[in-house]
Amino acid sequence: MLDINPTGKKMILSIDGGGVRGIICVAMLAELEKMTGQTCPQLFDMVAGTSTGSIIAAGIGLGISAQELLEDIYRTRLPAAFRQQPSGIPLYLRYLFGGLRNLYDLQPFIDSLSSFATGKKIRDFTRPIVLMTTRDVRTANTYFIVSAGPGAPLFADWPVSGAVAASGAAPIFFAPVLGNLVDGGVGVNSNPSFGASVEAMEYIGASAGFTDGNVIHLSIGTGYTPREQREGAAGRFWLLDWVRYLIYESLNDTSLEQVFNTRTVYGSRIDFRRYNPYMQTASVRDVLGIDLTGRPDPGSIGSGLEAFAPEQIALMEDIGRAYAHKIDWTEPHYLPWLTSGPDRGEGRDGGHPLPGVQPSRWAGSPYH
């Protein structure tokens, strides 16, 4: 059996937002459970999540294994919930029919959590400690909904289903919860690793064993997809192109920035390890060894809700499981761009200079 914590340190798990691509994370964790012979509620002392990550964090916090979450929530309930939503209608028309406010009804999403969240409050999380993020539009503040430490009394009576819904209420996709609370990834916390580290080390601290040299933090992303453009493409962008570009680049950049922040502030105090599969087609095929014949292009699977087709679910699950076997879960301070492994793309081509950048092209330009 794999032992990722031979010295018995405190274990933190944080999971990025990323919509349906949370399947990749939960499949990774299900495979980790097989390799260690322990469920995630047994492995971790604290679990943090944003958006889809909050679904996984809340489930683990209520004692549910990653394998159960994969089978019950991600394979079954969430796809069924969004099959109830309007289909076959172009997104712009769906948005128009929604009063130019949101694309989807939030209630089926909340109902899909009923198998583990009904009647549960934040105070019902015991071990592991749970942290989820949501943003209040009224004040532009991010709330760290936490079940332990000095912040816990503020959220003790919040319903778990409402907190998860607030963490995942992505603008345009869903209406704000209570008219004010939106996806925790709005801003800089689509990756909650830094917030979880601050909460554990500075606020909860020694009372729960989160002390210097006694913490391993596993940060899991929902897959890094390169968003490269052809030469001169930006000059032909129209409004929708720019909206897509800004959303995807913002998510990628802020997620990576939180990794840098966590390593910069806590690198000498926490054994921080980052895992995020590279979703480029050649990497999935050649590094992870997944046969893509007749299957979707991995890079085309977005973080929205249109990717709940069975063939996409199956591919994401295969990516998560294969990735779990390719990485070294025991390597201290693991970072994608320090390896030649299946995730090296997250650091912008593994931390190497970007291909195709030609400074000489500035010659003769009006901006030279």
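## Helices α1 and α3

In this predicted model, helix α1 (residues 22-36) packs against helix α3 (residues 52-61) at an angle of about 30°. The axes of α1 and α3 lie 9 Å apart, and the crossing of these helices is right-handed.

On the α1 side, the contact involves G22, C25, V26 and L29. These residues meet T52, I56 and I60 in α3. Sorted by class, the contact of α1 with α3 has 5 nonpolar residues, 2 polar residues and no charged ones.

## Helices α3 and α9

Helix α3 also packs with helix α9 (residues 160-168), at an angle of about 155° and with the axes 8 Å apart. Angles over 145 degrees count as roughly antiparallel, so α3 and α9 are roughly antiparallel to each other. Their crossing is right-handed.

S54, I55 and A58 of α3 make this contact with V160, V164 and S167 of α9. The contact of α3 with α9 comprises 4 nonpolar and 2 polar residues, with no charged residues.

Strand β2 covers residues 46-49. M46 and A48 point one way from the strand, while V47 and G49 point the other way. All of these residues are buried.

Strand β1 (residues 10-15) runs parallel to β2, joined to β2 by 4 bridges. In this pairing, I12 stands opposite M46 of β2. Strand β2 also pairs with strand β3 (residues 129-136), in the parallel sense and over 4 bridges. Here A48 stands opposite L131 of β3.

Technical notes: Residues are numbered from 1 along each chain as its sequence is written. This is a predicted model: local features need pLDDT of at least 70, side-chain atom pairs count only at pLDDT 80 or more; totals for chains, interfaces and linings use all residues. Side-chain values use heavy atoms; hydrogens and water are left out. Axes are lines fitted to C-alpha atoms, for helices over the stretch in contact, and angles run from 0 to 180 degrees between N-to-C directions. Helices (H or I, at least four residues) and strands (E, at least two) are DSSP runs, numbered from the N terminus. A crossing is left-handed if the near helix is turned anticlockwise from the far one by less than a right angle, and right-handed if clockwise. Contact means heavy atoms within 4.5 Å. Ala, Val, Leu, Ile, Met, Phe, Trp, Tyr, Cys and Pro count as nonpolar, Asp, Glu, Lys and Arg as charged, and the others, Gly among them, as polar. Buried means under 20% relative accessible area, exposed over 50%, partly exposed in between (1.4 Å probe, protein chains only). Two strands pair if DSSP finds at least two bridges between them. Angles under 35 degrees count as roughly parallel, over 145 as roughly antiparallel, 65 to 115 as roughly perpendicular and the rest as oblique.
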